[in-house]
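Trainee: I have a new model open and would like someone to walk me through it. Could we look at it together?

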Amino acid sequence: MFSIGALSDRTGVKIPTIRYYEDMGLLPPPERTAGNQRRYTQAGLDRLGFIKHARDLGFAIEAIKALITLHDHPDQSCAQANAIAQTQLAAVQSKIARLQRLELELTRIATHCQGNGRAGDCYVLTSLADHDLCQTTH
């Protein structure tokens, strides 16, 4: 059995976050000692590791709930799990594309400014003041 502090230490998940996951129904309510302290089993530790890994990959709480349900029913098809992963992948790819557009625009703005003129003539400031000067949508 693990205390909430031990669970936090082993997973790197902060104690308030562990409580939040319990409140959200991602973690089942732990057993309690006579002093009302939480006590988690190995299954609770494993579940928290699953949740942390899913959160690290950017999955939303609702997606994690669905994935946990599938994980708890290993005889079901994994089609829904794959669909959830594909949706997350598409979201990440979209964010990467947006960040690449931002990088291009910031590179253009930063390289057009030498940093040795007056603020009134600064290309960075001029570009930020007039969105029409941007060459990419971002």
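Mentor: We will go through the helices, the core and a few single residues in turn.

Trainee: What should I know before I start?

Mentor: This is a predicted model, in which local features need pLDDT of at least 70 and side-chain atom pairs count only at pLDDT 80 or more, while totals for chains, interfaces and linings use all residues. Residues are numbered from 1 along each chain as its sequence is written, and side-chain values use heavy atoms, with hydrogens and water left out.

Trainee: Okay, helix 2 then. Which residues are buried there?

Mentor: Ile18, Tyr21 and Glu22 are buried in helix 2, where buried means under 20% relative accessible area, exposed means over 50% and partly exposed lies in between, using a 1.4 Å probe and protein chains only. Helices here are DSSP runs of H or I with at least four residues, strands are runs of E with at least two, and both are numbered from the N terminus.

Trainee: Where do those three sit around the axis of the helix?

Mentor: They cover an arc of only 105° around the axis, which puts them on the same side of helix 2; the arc is that of the directions from the helix axis to the C-beta atoms. On the other side of helix 2, Pro16 and Asp23 are exposed.

Trainee: And what do the buried ones pack against?

Mentor: The buried residues of helix 2 pack against helix 1, strand 2, helix 3 and helix 4, with contact meaning heavy atoms within 4.5 Å. Just after helix 2 comes Gly25, which takes a positive phi of about 85°.

Trainee: Back to Tyr21, what does it touch?

Mentor: Leaving aside neighbours within four places in sequence, Tyr21 is in contact with Val13, Leu26, Leu27, Leu48, Ile51, Arg55 and Ile61. Tyr21 also has a place in the largest nonpolar core, which has 21 residues, and there Ile18 and Tyr21 touch the most other members. A nonpolar core is a set of buried Ala, Val, Leu, Ile, Met, Phe, Trp, Tyr and Cys residues joined through side-chain atoms within 4.5 Å.

Trainee: Switching to helix 3, how far apart are its ends?

Mentor: The end C-alpha atoms of helix 3 (residues 42-56) are 21 Å apart, which agrees with the 21 Å that its 15 residues should span at 1.5 Å a residue. The expected span is 1.5 Å times one less than the number of residues. Gly44, Leu45, Arg47, Leu48, Ile51 and Ala54 are buried in helix 3, and the buried residues there pack against helix 1 (4-11), helix 2 (15-23) and helix 4 (61-71).

Trainee: What about Lys52?

Mentor: Lys52 has its place in helix 3 and counts as partly exposed at 24% relative accessibility. Not counting residues up to four places away in sequence, Lys52 touches Thr11, Gly12 and Val13.

Trainee: And which side chain does Arg38 join by a polar contact?

Mentor: A polar contact of 3.0 Å joins the side chains of Arg38 and Glu22. Such a contact is a pair of N or O atoms within 3.5 Å; within protein, one must be able to donate a hydrogen and the other to accept it, and residues adjacent in sequence count only if both atoms are side-chain atoms. Arg38 lies in strand 2 and is buried, with a relative accessible area of 18%.
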